[in-house]
Amino acid sequence: MSRQRVSADPSEAERFLARNPDIQGIQLVLTDPSGVARGKSIRRHELERLYRDGRPVAGSILGLDVTGADVEATGLVWDSGDADKICHPVPGTLARATWLAQPTAQVLLSMYEVDGTPAVGDPRHALAHAIGRFAPHGLRPVLACELEFYLLRETRGADGGLRLEPAGHGSGRERQRIDAYSLLRLDDLAPVFDEMLATAESLGLPVGTLMSEYAPGQFEVTLAHRDDALRAVDEAVLWKRLVRGVAARHGLIATFMAKPFTELSGSGLHLHVSAQDAGGRNVFAADDPAGSAVCRHAIGGLKATMAESLLAFAPNANSYRRFRSESYAPTAVNWGVNNRSVSLRVPIGSPETRHVEHRIAGADANPYVAAAAVLAGVELGIRERLDPGAPVTGNGYAVASRRELPETWQEAIERAASSAFLREALGGGFLDIFIAIKRQECARFSAAVTELDHAWYLRSS
């Protein structure tokens, strides 16, 4: 097979270095199938070569589980001799990482085989594959990411043990109070958020609304809609990295864990999606609050594929603790207009802004994988003109008539493994790698003896 040329434009690196003479280190960031940022740091003199020729990186980096352990069943470790693949920069993502102490830059990477074909284990390629499904319809997906997260502070309790508390000032009792939409919470952490927003602007990230969410220490940011869905998700990945970095600079922990606390709300990744035609017209637009016929077909596709795709939206053991009735995390395959108790919400707004908010993914999901499954579901619904049925009115938790979604991590893994839809949506090679990783994680997690085991069974068994 002839080698394809996939290198980035070296002039991007040249211009950046000229504008930033103090930069000496550049962090190379590759997102693995679990959504973990992995990579290495190079020196200034190596950057132009990276843009010209790419960088050899062990292909097994895409065959690690969420803890960083090898997953041999992926075929990316010893079966391949732990062979190198070639990583190339993602255009437009080279920027200063201002939260680091030393003058440092960062750039996103995507991985390719030595012959230039996309590496099947790279989740960014899985999303590109899903986006490509829209071209035969003369459509282009439009996407926005909305991410919830917690800002926490590590303290010591009366017993001397470490514990996590919501970030901010005031007494512990005040910080533990639920105060949704609180401006005081935002004011309290203004120095942190000011730095986050200024850094986002320097990175070119289209950060929009910032709000205090329905738990102490929980916040939400919405990124702008993009008619380049790949770029929209790249920006979400960069935003998550920025939030963690700036929080650490202020002595805080930022977590996108789906359910950090038993008694508090979980954190979601809400994906806002529509599609536009060649003339840039939103084909979901309609005077009807439920959207156009195309919009409803898209909802039909998302409903039809939700159960078998749940692993893409809830990839970890902790993900399944988030799904609780009346918790603002959806628990059923349903849809509605201006209704936050359902999985698929059509928000109110002017007709030309009509779109679908996909609410089931946790903030711990890999944004590339979640977005790929969502867009593939939308395309399937449009192609097959699927009927979503009637929208839910009122309490969507109360009217769920039967269990349609997997209730456990293991069940979701096996549903995904047997899904012909996911195999086509993500690419068969990627799905096999993803399933191998999640099966190993599930086995390791299930085998671990926890403090709860001791609390429940040590003396009572």
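## Aromatic pairs

Two rings of Phe, Tyr or Trp (its six-membered ring) pair if their centres lie within 6.5 Å; planes under 30 degrees apart count as stacked, over 60 as edge-to-face and the rest as tilted. This is a predicted model: local features need pLDDT of at least 70, side-chain atom pairs need 80 or more, and totals for chains, interfaces and linings use all residues. Residues are numbered from 1 along each chain as its sequence is written, and side-chain values use heavy atoms, without hydrogens and water.

The structure holds eight aromatic pairs. Tyrosine 320 and phenylalanine 323 make an edge-to-face pair, 6.0 Å centre to centre with 70° between the planes. Tyrosine 320 is buried (under 20% relative accessible area, with exposed over 50% and partly exposed in between; 1.4 Å probe, protein chains only), at 8%. Phenylalanine 323 is buried too, at 15%.

Tryptophan 456 and tyrosine 457 are edge-to-face because their planes meet at 75°, with centres 6.0 Å apart. Tryptophan 456 is exposed at 55%. Tyrosine 457 is partly exposed at 44%.

## A ring cluster and a charge

Ring pairs join Phe149, Phe193, Phe219 and Phe256 into a cluster. The charged end of lysine 240 sits over the ring of phenylalanine 256, 5.0 Å from its centre. Such a charge has NZ of Lys or CZ of Arg within 6 Å of the ring centre and within 35 degrees of the ring normal.
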